[in-house]
Amino acid sequence: MSKSKIDLTDFKESLCSIVKYGFGRPIEEAGRVDIFNALCVVVRRYIIDIKIETEKRYKNSDVKRMHYISMEFLTGPLLANNLINLGIYDECKEIVNSLNRELSIGISFDDLIEFEPDPALGNGGLGRLAACFLDSLATLNMPGFGYGINYDYGLFRQTIVGGYQRERPDFWFNKTSPWLMRMFGEKCMVPVFGRIEDSQDMRGDYNPMWVDWKLIVGRPHDIAIVGYGSKTVNRLRLFSAWASEDFDIQIFNEGDYFKAVEDKIKFENISKILYPSDLKETGKELRLIQEYFLVACAINDIISIYLKEHKSFEKFHEKVAIQLNDTHPALTVAELMRSLIDLHSLEWDDAWSITTNTLGYTNHTLMPEALERWSVSILRKVIPRHLQIIYEINRRFLQLVENRYPGDRQKASRLSIVEPFDGGENIRMAHLAIVGSHSVNGVAAIHSELVKQNLVPDFYDLWSYKFNNKTNGVTPRRWILRANQRLSKVILSAIGDGWITDLEELKELEKFYDDGAFLESIKDVKRSNKAELADLIKRGLNIGIDVDPDSIFDIQAKRIHEYKRQLLNVMNIINTFFVIRDDGVMPSCPRIFIFAGKAAPGYFMAKLIIRLIHGVADVVNSDKIANKWIKVVFIPDYRVSLAERIIPAADVSEQISTAGTEASGTGNMKFAMNGALTIGTLDGANIEIAQEVGEDNIYIFGHKVQEIQSVRDSFNSKERLESNPNLKRVVSSFDSDIFCKNEPEIFKPIYNSLVNGGDFYCHLADFGSYVETQKRLSKDYLDKKVWIQKSLINIARSGKFSSDRTIREYAKDIWDIKASSLV
């Protein structure tokens, strides 16, 4: 790695000084919290210096800026990552450890790294992707910034009680984190509720007035995003919601305290948790306000930054790009229009031209139920002015549709932003995003094609030029350099450090394909990572299961969902168990099946699958014959810091979603670049991974996208079960109490979904192919040299899946931003 130019001469003295004068005690008496915070403050000083220089560089060049609006930013712990990107990780480690030796404070550098909690700012792939993008933007010296919400509790902390998922508040240091800088003196005023009063302006034109609204205050907090090489520091701006006044003093004086603070409590709930449940009307309202609060704060801030350097909006789209990360921020279309028209007095056509030339929309899902729809009634209550604007956007859009497709009412109905239902109307948020953006992209080649062909074919027919693909990527700084330091050292010694910022350089590793010593070093790295994870499972996480690092570590770590098919994985485990126990046939080699992931709190079937995993684990792990060959582990509360421990230890990466359901996936990329071999369907980015690594270095099974509908149409569970006795035996277990002795019939819903419910996600149809592919994989694992060669090819050919490549494509094709020249 390249050496940093940062002068650390005063580092130790500054650390001791901050502990003493910031926390009121000598460092010898300081605890872990004090030393951690002091260390972060010292590091933050270097970061802020670079941040100020970065902003000066942007300002002097009047650069075009890109603003990334996302409900989630799953950054992971920041200390180690910042030290790596600054180039001072090893030096800082030595300074802290020397202090520990000199003063016997009993706290090592590694203790401080492990102490840092994960910021509770996201849930899964959507938020982690956003964080990778910010890392790449800063590393590439591009002016790109994030906008999100400063959640108090994030989604939830997952615990397991009796095999069931339990959700607990996931509190983090969002009020005291040394990385989170409150921007005092700055705030956004966000109007909500109220009504529209019809009026006319001085020229007699219609001039609606939004009146009787209440105000929410958005208080900004910044997290500095450090680019690798310590040249550029951008920012992630997060907003906390506050009531405009603390409480109504008159009501308070009348004795009704709770009524006096009602608005304060209500509005500050907006930034309490990520994705509040929308099963009830109050939850739906809170979720809508949350999404609106985010985009209103972001647009207010973006316009304020622009107007500091420009007096009119003529060049707005030339100096500003805004990317919507999925449909959650789709209200940006209406909010930007409202700001331009109502607050800055632009004419409609000018405002619309600016809006559509500024916004880009990334679609992340092919699941229709995940494409948000909001009822007109709730929009009218919460943001009545925005509803007016959406109706006008739709009216003008449908005029365009009529001109293009005269008299085609069915097409107009399919394209309309407004959707009639049950005597009311919904607003289709994905349609709003598409109409209001100049670019619509998918996140993997097959996903982008399915968006055009299956999801919104009428929009593609209307505006084919808007649609494009940007295959996802992940940052190698976090997912190799930080997460897999053993592998990083091997690669650095073999080919140098160019791959850290140009992942395609990993292809140079292929020259070691037949190098026995190098292959042995890769094998040793994997063995050490597996031993570390085994210890974490046994002791660190108190799971208490002994796992053998010489077994295959077969890992499926991702959000629990039916389409991701953790159930199919479990079905294979059950089949293997029955074959061992009842048929007396042993597998080719031992295997540890490891699961990690959260289920949405209201998702019954996903939570039942978690219970099934634990039920199977209880039976399998206690069977004296079977547990010599297979064990099942569920690691609770999956998060970035755990992923950094789990992914480098994987031999096998389970990417087994039903073909045509996964947009891209990024876990598949992280596992592959760390040397795991993928078993998966031809879905999402699996297809592109297969193209890169070659069919001999990946295990593909199951029906293809173009076959899935035919499989569903010809579904016959009886034929499927009768034609495969092993499948029948597995499915029948869900109708028994084999895995639920104390809770009879709890897995009956799983049985019904497979046998009587149409098996929408094709578990039965893909079971045979999956089992046979798993057998082939096990046999291949026995040839250690061949297996390590396959692993090496996965590492060496992962260059395409760097988020640096993805960001360069966005910058060139959508945002039109460039790297800021360094003076």
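This is a short tour of the structure above, one selection at a time.

The model is predicted: local features need pLDDT of at least 70, side-chain atom pairs count only at pLDDT 80 or more, and totals for chains, interfaces and linings use all residues. Residues are numbered from 1 along each chain as its sequence is written, and side-chain values use heavy atoms, with hydrogens and water left out.

**Stop 1**

Helices (H or I, at least four residues) and strands (E, at least two) are DSSP runs, numbered from the N terminus. Two strands pair if DSSP finds at least two bridges between them. Strands of a sheet pair through backbone hydrogen bonds, either parallel or antiparallel.

Select β20, β19, β18, β21, β22 and β23. In that order, these six strands form an open sheet with parallel pairing. The edge strands are β20 (630-635) and β23 (699-700), each pairing on one side only.

Go to the β23 end. Strand β22 (residues 677-680) pairs with β23 in the parallel sense over two bridges. Find G680: its bridge partner in β23 is I700.

Now move to β18 and β19. Six bridges join them, again in the parallel sense. D554 stands opposite F593 in β19.

Stay on β19. Is it covered or open? It is mostly covered: six of its six residues are buried. Buried means under 20% relative accessible area, exposed over 50%, and partly exposed in between (1.4 Å probe, protein chains only). In a regular strand the side chains alternate between the two faces of the sheet. On one side of β19 you will find R591, F593 and F595. On the other are I592, I594 and A596.

**Stop 2: helices on the sheet**

Axes are lines fitted to C-alpha atoms, for helices over the stretch in contact, and angles run from 0 to 180 degrees between N-to-C directions. Contact means heavy atoms within 4.5 Å.

Select helix α22 (residues 516-540). It lies across β18 (552-557), β19 (591-596) and β20. Helix α22 runs at about 65° to β18.

**Stop 3: two crossing helices**

Two packed helices are described by the angle between their axes and the distance between the axes. Show helix α23 (residues 566-581) and helix α30 (residues 725-733). They pack at about 110°, with their axes 9 Å apart. That makes α23 roughly perpendicular to α30. (Angles under 35 degrees count as roughly parallel, over 145 as roughly antiparallel, 65 to 115 as roughly perpendicular and the rest as oblique.)

Show the side chains where they meet. From α23 come M571, I574, N575, F578 and V579. From α30 come N726, L727, R729, V730, V731 and S733.

Still in α23, click R581. With a relative accessible area of 40%, R581 is partly exposed. Its C-alpha atom is 6.6 Å from that of A626, 45 residues apart along the chain.

**Stop 4: the three-stranded sheet**

Select β13, β15 and β14. In that order they make an open sheet with antiparallel pairing. β13 (373-375) and β14 stand at the edges with a single partner strand each, so one side of each has no neighbour in the sheet. The twist averages 35° from one strand to the next.

Zoom in on strand β14 (residues 418-421) and strand β15 (residues 424-428). Four bridges join this antiparallel pair. F421 stands opposite G424, and V418 has I427 as its bridge partner.

**Stop 5**

Find R776 in helix α32 (residues 763-781). R776 counts as partly exposed, at 39% relative accessibility. Leaving out residues up to four places away in sequence, R776 touches Y699 and I700.

Next, select helix α33 (residues 784-796). Its 13 residues should span 18 Å at 1.5 Å a residue, and its end C-alpha atoms are 18 Å apart, which agrees. (The expected span is 1.5 Å times one less than the number of residues.) Helix α33 is mostly covered, with 10 of its 13 residues buried. Among them are W787, I788 and L792.

**Last stop: the nonpolar core**

A nonpolar core is a set of buried Ala, Val, Leu, Ile, Met, Phe, Trp, Tyr and Cys residues joined through side-chain atoms within 4.5 Å. The largest one here has 279 residues. Select W499, L509, L533, M571, F734 and W815, which touch the most other members. Then show helix α10 (residues 281-307): it gives the most to this core, with 14 residues.

Finish on W815. Not counting residues up to four places away in sequence, W815 touches K64, M66, Y68, L137, A321, Q323, I807 and Y810.
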